[in-house]
Amino acid sequence: MVGTQVFDGERLRLARVAMGLTLDELGGRVSATRQYLNQLEQGTKFPTESMIDALAAAMGVTTRFFTLSARGGIAAEQCHFRKQRTTPVSVVSQVLARGTLLDGFIAGLDRALELPTVSFPDIPVASVADIEKAAEQTRDQWQLGTGPISSMMRVVENAGAIVSFFGGISERVDALSIDRPRPMIIRSEAKPSACRLRFDLAHECGHLVMHKGIVTGDKITEDQANRFASAFLLPRSAFIHEFPRGRMLNWQAIFEMKMRWKVAASAILRRAYDLKMLSADQYRTGYIHLSKTGQRKFEHYDDVIVAEEPELLPSAMITLERNYPGAVRRIAADAGLKDDMFKNVSGLGLPEETGSDSTNLVYIRHHD
C-alpha cells in the first residue's frame with residue numbers, strides 16, 4: 001500500500017524495464033532478492049513503506065508512481081521499429097516501457113499547452129503507385145510543394161509529432177515511431193549524418209501515414225516506408241527534371257543535388273533506379289563507387305549539412321516554465337517521473353527547482 005492507494009506491481013515492472021534493469025540488478029540497488037522483487041511485480045506480495053522509498057529512489061520515480069493507473073501500454077501495432085525482426089526482445093520491451101512513460105508526460109503537457117494539431121493523414125497502401133501517391137498527398141496536405149524540404153524535423157513537428165532521443169538503446173535500433181494521440185518519433189542516441197536523420201524521419205513519417213493499426217518491422221512494411229521516404233524527400237516530378245541523365249554517372253551533379261535536397265547520394269541513386277532512370281548496371285556501378293571511395297557510412301559533404309535538432313518538446317517545456325515556474329516539474333511529478341527517469345525517457349533534463357508552488361495554476365489554452 002502507498003497511503004490509501006494500492007501498490008501496482010506492473011508499474012514497478014514498467015519502471016524497471018524502462019531503466020533497463022534486470023531483477024537482479026534492481027535487487028542489488030535496494031538490497032532485495034530477485035524472488036522478492038518478482039513477487040512484488042506479480043502482485044503476490046506488497047512492499048513496506050521503506051522498500052517503496054528505496055524502489056522509487058533507485059529508479060528515479062516518485063512513490064506515487066506505483067499507484068498511478070496506467071494509460072494503457074503501447075501495443076505492438078502502435079510501435080513501428082526499424083529492424084524489429086532482429087531487435088532483442090529486451091530492447092523492444094525497454095523502448096515500449098520508455099515510450100509509455102514519455103507518453104504520460106506528453107499527455108500532461110498537451111493539457112497545459114496548445115501544441116500543434118496532429119495532422120498525419122491515414123493512407124493505406126498496397127502498391128508502389130499507392131506509396132508514391134501517399135507521399136504526394138502528404139506533401140499536398142502539409143502544403144510543402146515539390147521542392148527541397150529545408151527541415152524534415154520541423155515538418156514532422158509541425159504535423160504534431162514529438163521527436164525525442166532514447167539514450168542507452170541498442171545500436172540495432174536506428175529509429176522508431178509510436179502511434180499515440182500525439183505521435184512520437186524516437187531515435188537512438190547515435191549521432192547519424194544529417195541526411196541519414198532526415199531520411200529516418202521521413203521513413204517514420206511513412207509508417208505513421210501508411211501503417212496505422214498495422215504491425216510493422218517485416219521486409220514489406222520497411223520497404224514501403226523506405227519508398228515513402230524517398231518519394232517524400234525527392235518528389236518524382238522534380239526529381240525526373242533534375243537528375244542528370246547519361247551513360248556515365250555525373251558525380252558532380254549528383255553531389256550538387258545532395259547539397260540542394262539534403263539527401264544522401266546513395267538515396268539519390270536509389271531513387272533514380274526506382275524511377276527507372278538508371279539501369280541495374282548503372283545503379284550497381286554507383287554503389288560500388290561509393291563503397292570503394294569509403295562513402296558507405298560517411299559520404300562527401302556529410303560534414304557540411306547541419307544536423308537538425310528537435311525543437312517542439314524543448315521549446316514547449318521552456319515556454320511553460322517561463323510562464324509558470326515549476327510547472328514542468330509538476331507535470332513530470334503527475335506522471336510519477338523524477339530527474340533520472342525523466343532524462344531516461346525524454347533525453348532532456350528537468351528545469352532547476354525554483355521553490356515556487358504551481359500546484360494551483362490553471363493553464364490557459366487558446367482555441368480556434
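**Figure 1. A salt bridge between R187 and D200 in the predicted model.** In this predicted model, R187 and D200 form a salt bridge whose closest N and O atoms are 2.2 Å apart. The pair links distant parts of the chain, 13 residues apart: R187 belongs to strand β4 (residues 184-188), and D200 belongs to helix α8. R187 counts as buried, at 4% relative accessibility. D200 is buried as well, with a relative accessible area of 1%.

**Figure 2. Helix α8, the element that carries D200****.** Helix α8 spans residues 194-210 and contains 17 residues. From its first C-alpha to its last, the helix reaches 24 Å, close to the 24 Å expected at 1.5 Å a residue. Helix α8 is mostly covered, with 16 of its 17 residues buried.

**Figure 3. A salt bridge between D302 and K258.** The closest N and O atoms of D302 and K258 are 2.7 Å apart, and the two residues form a salt bridge. Because D302 lies in the loop between α13 and α14 while K258 lies in helix α11, the pair ties together parts that are 44 residues apart in sequence. D302 counts as buried at 12% relative accessibility. For K258, which is also buried, the relative accessible area is 0%.

Figure 4. R13 forms a salt bridge with E10, and their closest N and O atoms are 2.9 Å apart. R13 counts as partly exposed at 30% relative accessibility. E10 is likewise partly exposed, with a relative accessible area of 39%.

**Figure 5. A network of salt bridges.** E132, R227, R270, R271 and D274 are linked to one another in a network of salt bridges. The count of salt bridges in the model comes to 21.

**Figure 6. A polar contact between D103 and R180.** The side chain of D103 makes a polar contact with the side chain of R180, at 2.9 Å. D103 is found in helix α5, which covers residues 89-112. With a relative accessible area of 3%, D103 is buried.

**Figure 7. A nonpolar surface patch formed by M259, Y301 and V304****.** Together, the three residues of this patch have about 260 Å² of accessible area. One of them, Y301, is found in the loop between α13 (280-292) and α14 (312-323). Y301 counts as partly exposed, at 41% relative accessibility.

**Figure 8. Positive phi values at K262 and K276****.** Most residues other than glycine have a negative phi. Phi of K262 is near 55 degrees, a positive value in a residue other than glycine. K262 is found in the loop between α11 (251-261) and α12 (265-274), and counts as partly exposed at 26% relative accessibility. Phi of K276 is near 60 degrees, again a positive value in a residue other than glycine. K276 lies in the loop between α12 and α13, and counts as exposed at 72% relative accessibility.

Technical notes: Residues numbered from 1 in each chain as written. Predicted model: local features only at pLDDT ≥ 70, side-chain atom pairs only at ≥ 80, totals over all residues. Heavy atoms only, no water. Helix = DSSP H or I, 4+ residues; strand = E, 2+ residues; numbered from the N terminus. Buried < 20%, exposed > 50% of the residue type's maximum accessible area, 1.4 Å probe, protein only. Polar contact = N/O pair within 3.5 Å; in protein donor to acceptor, adjacent residues only side chain to side chain. Patch = residues over 30% accessible without salt bridge, like charges linked within 9 Å, V, L, I, M, F, W, Y side chains within 5 Å. Areas by Shrake-Rupley, 256 points an atom, 1.4 Å probe, with all protein chains shown as cover. Salt bridge = Lys/Arg side-chain N within 4 Å of Asp/Glu carboxyl O. Expected span 1.5 Å × (residues − 1).
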